[in-house]
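Good morning, and thank you for making time for this presentation. Please take a moment to look at the model before we go through it together.

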Amino acid sequence: MTTTSPELAAPSRSRIAAASLIGTAIEFYDFYIYGTAAALVLNTAFFPGMDPVAATLASFSTFAVAFVSRPLGSAVFGHWGDRIGRKSMLVVSLLVMGLSTVAIGLLPGYAAIGVVAPVLLVLLRFTQGIGLGGEWGGAALLATEHAPPGKRGLYAMFPQLGPSVGFIVANGLFLILGEVLSDAEFDGWGWRLPFVASLLLVIVGLYVRLKISETPVFQAAMDQRRIAKVPFAGLMRHQWRRVLLGAGAMTIAYTLFYTATTYCLAYGTETLKIPRTTMLALTMIGVLFMAAGTVASAMVSDRLGRRRTLITGTALATGWGLVMFPLMETASVVLVGLALAGALGLMGLIFGPMGAYLPELFKTEYRYSGASVAYSLGGVLGGAVPPLVATSMQASGLGVMAIGGYVSAMALLSLLCLLALPETGEQTL
């Protein structure tokens, strides 16, 4: 394997940390502004004429589309990332995601072009998912494959902080717009501004990513001619079990996040009648807990091991599912904030080590494909489904305890998958 001189190593690694953080922050900003808009305004902008529950379900269904397309994006970007390199795929994924987001912001609503509007919305959301499917795996590999021994958890912390940063920026913009615009202005055109603003963020992200180098681990594989002709085929032939178990392990992180930030945002504003700006502010506070949990658990995982740290966070999430919604049901701003902070803090504890753990599960020849597909498949079950299930449970009268039970069941599923996976922290990539 090629090595880097001490003089060059430190600044190179600083650039890698910045590129992985900035890139994932921009990508997840794009993804989250859609989730926030789906909870607040897309139901009326693109699905007018439906009753409120049906319109919300339709809006969340378009939100779910990207989770379905993410595994496809992971397979496509993973194939080429394992064939020609991590860096080039990170640039392409950023462009695909960013341009799709800007197009959503410019898309006319149902009142202007009729049924074509929701059809185009679904297509653009699908394309968003394709782009994000290639983003996370590349960013995680960029960090882990540059990391020195014993510090992969620390280095992989940076792409894992991207969702926290992206969410705070996205919701911060919606919070500001909610304060300075009337409801009519926000619903009419204000919600579009965060989407269009993504263009500026993409330009910044491209500038940073075009300056990074290929990872030394992948470069060594190329030098030694250890590149698979069809990486996905090799992955399915040799490590398919780890793909499925890794996806299952990721499920609870997604479930906690999207239940707290998407479903609870809609539930708090529409059912509990908590003001929109208050719910956005509470969610942003919760994401600060998520960021703290991400940093702490990523660093701890270098000492205690990835698997042990993940099992601890997942076991705690199993119990929190039963606590979260009784706290929400009180409609107390303080207790609702506690419910969100607890869920998102636990999500951070689980999410932090995953940046190193999923890449470590797979061989270099198909690491991009394996880590990306496992991550994205976990999103189908844990990200796309919970808002739909929770909304349906609410509409059918099952009550909040049923929703909390669903969250706990997803945590138990993830826990069982983790128990079936090995520890990876000490291995060499």
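I begin with a definition: the expected span of a helix is 1.5 Å times one less than its number of residues. Helices here are DSSP runs of H or I with at least four residues, numbered from the N terminus. This is a predicted model, in which local features need pLDDT of at least 70, side-chain atom pairs count only at pLDDT 80 or more, and totals for chains, interfaces and linings use all residues. Residues are numbered from 1 along each chain as its sequence is written, and side-chain values use heavy atoms, with hydrogens and water left out.

Helix α14 (residues 306–329) contains 24 residues and reaches 35 Å from its first C-alpha to its last, close to the 34 Å expected. A kink of about 40° in α14 is centred on Trp320, where the bend is the angle between axes fitted to the seven residues ending there and the seven starting there. After α14 comes Ala331, with a positive phi near 65°.

Let us turn to the aromatic rings. Rings of Phe, Tyr and Trp (its six-membered ring) pair if their centres lie within 6.5 Å; planes under 30 degrees apart count as stacked, over 60 as edge-to-face and the rest as tilted. By this rule there are 14 aromatic pairs. In one of them, Phe174 and Phe186 have ring centres 5.9 Å apart and planes at 65°, so the pair is edge-to-face. Phe174 belongs to helix α7 (residues 152–180) and Phe186 to helix α8 (residues 183–188), so the pair ties together parts 12 residues apart in sequence. Phe174 is buried, at 1% relative accessible area, where buried means under 20%, exposed over 50% and partly exposed in between, with a 1.4 Å probe and protein chains only. Phe186 is likewise buried, at 1%.

One aromatic cluster is formed by Tyr32, Trp136, Phe167, Tyr254, Phe257, Tyr258, Phe351 and Tyr375.

Which residues are in contact with Thr294, leaving aside its neighbours within four places in sequence? They are Met157, Gln160, Leu161, Gly348, Leu349, Phe351 and Gly352, contact meaning heavy atoms within 4.5 Å. Thr294 lies in helix α13 (residues 276–304) and is buried, with a relative accessible area of 0%.

Methods. Helix = DSSP H or I, 4+ residues; strand = E, 2+ residues; numbered from the N terminus.
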